[in-house]
Amino acid sequence: MAEEVLRLEHVCKSYNQGEPSEVEVLHDINLALNQGEFLALIGPSGSGKSTMLNIIGLLDKPSAGELIIKGENTSQLNDAELTALRAHTIGFVFQEHHLISAFTALENVEMPMLVARGFPGADITARAQELMRKVGLEDVQNNMAANMSGGQQQRVAIARALAMHPALVLADEPTGNLDTKSADSVFELMRSVNRELGTSFLVVTHNMDLAKRCDRIIEVIDGQLVR
């Protein structure tokens, strides 16, 4: 039986709690994600997808309910422990690649490992080179990030997300800024990583053609999971 990577139990999120302007954005969210699963998260703008992703990514805290990651109940953790869990368990890919344009592609991939350890090393470079090979960019790994195509930049962003061997990658509209061919290529890269490494993916997308190629589709409407 596959190990459970993520569980949300009765998660709610409100802003301005206790005030007349209080707004509940997420209502009683229950979700489980197993190791190796590839899920699509869909829903209209303003439905709560980004809030849900921020909570799962430990960038925000639920107002009620429990978030469990790799068996760790995150409500019991302090800020330093949450930061460490996020760094070592979760990778992020966004619609905007957020690469450092003044660095090479390889240096961008090395960055999470340098931040985590505090000093460089041959092992960090070797890991980054391995990931650049995996995403098919070893021939351009020393190019400046600013001089790469949108598809190449997003591949570098995926390599960077994998640097710390995460159990879960959260991808927020990762193909939203790409043309159809590049979008398909980036999606297939994530899929191949998922199959080869057993990394779990939760992908927010408005592209139903891509969503249908995932293992499962979950939909948020008005802050509630409807499927």
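Visitor: Which residue stands opposite Val204 in β8?

Guide: Leu41 is the residue opposite Val204 in β8. This is a predicted model, in which local features need pLDDT of at least 70 and side-chain atom pairs count only at pLDDT 80 or more, while totals for chains, interfaces and linings use all residues. Residues are numbered from 1 along each chain as its sequence is written, and side-chain values use heavy atoms, leaving out hydrogens and water.

Visitor: What makes β3 and β8 a pair?

Guide: Two strands pair if DSSP finds at least two bridges between them. β3 and β8 are joined by 4 bridges, in the parallel sense, so they meet that definition. A strand is a DSSP run of E with at least two residues, a helix is a run of H or I with at least four, and both are numbered from the N terminus. The protein has 7 helices and 10 strands.

Visitor: What makes the protein as compact as a globular protein of that length?

Guide: The radius of gyration, taken over C-alpha atoms, is set against the globule rule, which is 2.2 Å times the number of residues to the power 0.38. The rule gives 17 Å for 227 residues and the protein has 18 Å, a close value, so it is as compact as a globular protein of that length. Its C-alpha trace spans about 55 × 40 × 40 Å along the principal axes.

Visitor: In what order do the 6 strands of the open sheet stand?

Guide: The order is β6-β7-β8-β3-β9-β10, with mixed pairing. β6 (90-93) and β10 (224-225) each have a single partner strand, so one side of each lacks a neighbour in the sheet and they stand at its edges. Further in, strand β7 (residues 168-172) pairs with β8 in the parallel sense over 5 bridges, and Ala171 stands opposite Val203 in β8. Strand β3 (residues 38-42) also pairs with strand β9 (residues 216-221), parallel and over 4 bridges; there, Ala40 is opposite Ile217.

Visitor: Why does Cys12 count as buried?

Guide: Buried means under 20% relative accessible area, exposed means over 50%, and partly exposed lies in between (1.4 Å probe, protein chains only). Cys12 has 16% relative accessibility, so it counts as buried. Cys12 belongs to strand β1 (residues 4-15). Apart from residues up to four places away in sequence, it touches Glu24, Leu26, His27, Asp28, Pro62, Ser63 and Ala64, where a contact means heavy atoms within 4.5 Å.

Visitor: How do you know that strand β8 is mostly covered?

Guide: In strand β8 (residues 200-204), 5 of its 5 residues are buried. Ser200, Leu202 and Val204 point one way, whereas Phe201 and Val203 point the other way. For the protein of 227 residues, the buried share is 47%.

Visitor: Which strands pair with β1 in the antiparallel sense?

Guide: Strand β2 (residues 23-34) runs antiparallel to β1 and is joined to it by 8 bridges; Ser14 has Glu24 as its bridge partner in β2. Strand β4 (residues 64-69) pairs with β1 over 5 bridges, also antiparallel, and Leu8 stands opposite Leu67 in β4.

Visitor: How many positive and negative side chains has the protein?

Guide: Lys and Arg count as positive and Asp and Glu as negative, without His or the chain ends. The protein has 19 positive and 30 negative side chains. The centres of the two sets lie 5 Å apart, with each charge placed at NZ of Lys, CZ of Arg, CG of Asp or CD of Glu.
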